[in-house]
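Here are my notes on this model. Please read them with the structure open.

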Amino acid sequence: MRELSFTPREIVSELDRFIVGQQDAKRAVAIALRNRWRRKRVPPPLRDEIAPKNILLMGPTGCGKTEIARRLAKLDRAPFVKVEATKFTEVGYVGRDVDSMVRDLIEASIKLVRDEAMADVATRAKDLAEDRILDALLPRPKPKAAPGFFGGGVPFDQTPSSSSSSVDDSRTRDRFRQMLRDGQLEDREIEIDVAAAAPTMQVFAPGMGGAGMDGLSDQLGGLQEALSSAFGGKRKQRTLTVKEARPLLEKDEAGKLVDQEQITREAVRRAEDSGIIFIDEIDKIAGGERRGADVSREGVQRDILPIIEGSTVSTKYGPVKTDHVLFICAGAFHMSKPSDLIPELQGRLPIRVELKPLSRADFVKILKDTEVSLIRQYQALLEVEGVKVAFTDDGLDEIAEVAAIVNDQQENIGARRLATVLEQLLEEESFDAPDRRGRDVVIDKPFVQKKLSPLLRREDLSRYIL
């Protein structure tokens, strides 16, 4: 796989396509990603000593913390997992073990590498699947023995007439191949055999803690792999249409062409060198005033600490080191502050960036300038029903204004408020779209005011609907 080498400026530019503002956070993650590229070019004795500079993002909900980390991982084609700190508990309590975040990372890495490997052999797999479909449509006749003297004989394919028969078969197969590629045989039913799925194993043990469950899952991992190998050799006959069978056969053939052991080795290497773990709601396990039955929040911090510092976690794919995994922690820190974290954990998050709340102007940019904005999504969804939706500039300004007002009057949930406002705004059009095929809808300022002003005037309605 060709290694990507984006400069920090290029990384920020790519993030700008999807995320508005938050330049400080973008610069921080861009430098962290570039430092990974630099570390790989440092001579080996020093390379292993260079640890990633983990990042702590502080800002209100809906300001882009998760999206920045997710887009960064996608840009680098790096294994990525998002976990919530509140899901973990100290060892000995019921809940998830902190080691499970590394196991989730290696699973994500396995899927990423397998998908890339199967994409590399997709063309070959497609040809092989096409041959299997033709074999199902045109079963090859078994060679028969021609009678000879004294009961002996020779196979038909060695008789003079066999050559013309094979030519006819070849012509028929070529004609069917062309019909298959032209889509004329999509509804024809064929019988195929595909690999039988191995049974999955689940363990239900009431009262068993997360650490016990995760450890038991790893112990059962070898048995699960053995079952997969045993059942992988068995085939199952299925009768499907050509259209239904094609993706199954292509996947089956691609699976035969890739090397699973090589995929595992590459996945472990990539998880260790390029993995990104995003730990959200880190502020919820910080110190400060305790309320309710919180389960050893400081204990969770101490359990997370060795993972971030660098340790080796046992997985069903072998040991995985976290020394060079990049950890991005995030939290709103409304009720606590970073200094409430234990000092050792603070020391492993040296880069701290405060994200700013989004303003009305930011909402306008999110609607207009981002590559996969909500308005483009709604336009694509309704266009499927034959309804064309157009947004005017004053309409977008009014939508942004409504979102900003509701965030000020109620809980500030950032850009997520835009989804709430747009859903309410286009509710009627989405419901009636199948009956209004061919209709054009223009979303301008009067349209927005007509739909949303009644809700804004009634505080009880705006609180529960917007």
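1. Rings of Phe, Tyr and Trp (its six-membered ring) pair if their centres lie within 6.5 Å; planes under 30 degrees apart count as stacked, over 60 as edge-to-face and the rest as tilted. The structure has zero aromatic pairs.

2. This is a predicted model: local features need pLDDT of at least 70, side-chain atom pairs count only at pLDDT 80 or more, and totals for chains, interfaces and linings use all residues. Residues are numbered from 1 along each chain as its sequence is written, and side-chain values use heavy atoms, with hydrogens and water left out.

3. Two arginines sit over rings (CZ of Arg, or NZ of Lys, within 6 Å of the ring centre and within 35 degrees of the ring normal). R34 lies over the face of W37, 3.9 Å from the ring centre.

4. Which residues of α15 are buried? Buried means under 20% relative accessible area (1.4 Å probe, protein chains only). In α15 they are G395, L396, E398, I399, A400, V402, A403, A404, V406 and N407.

How values were computed. Buried means under 20% relative accessible area, exposed over 50%, partly exposed in between (1.4 Å probe, protein chains only). Helices (H or I, at least four residues) and strands (E, at least two) are DSSP runs, numbered from the N terminus.
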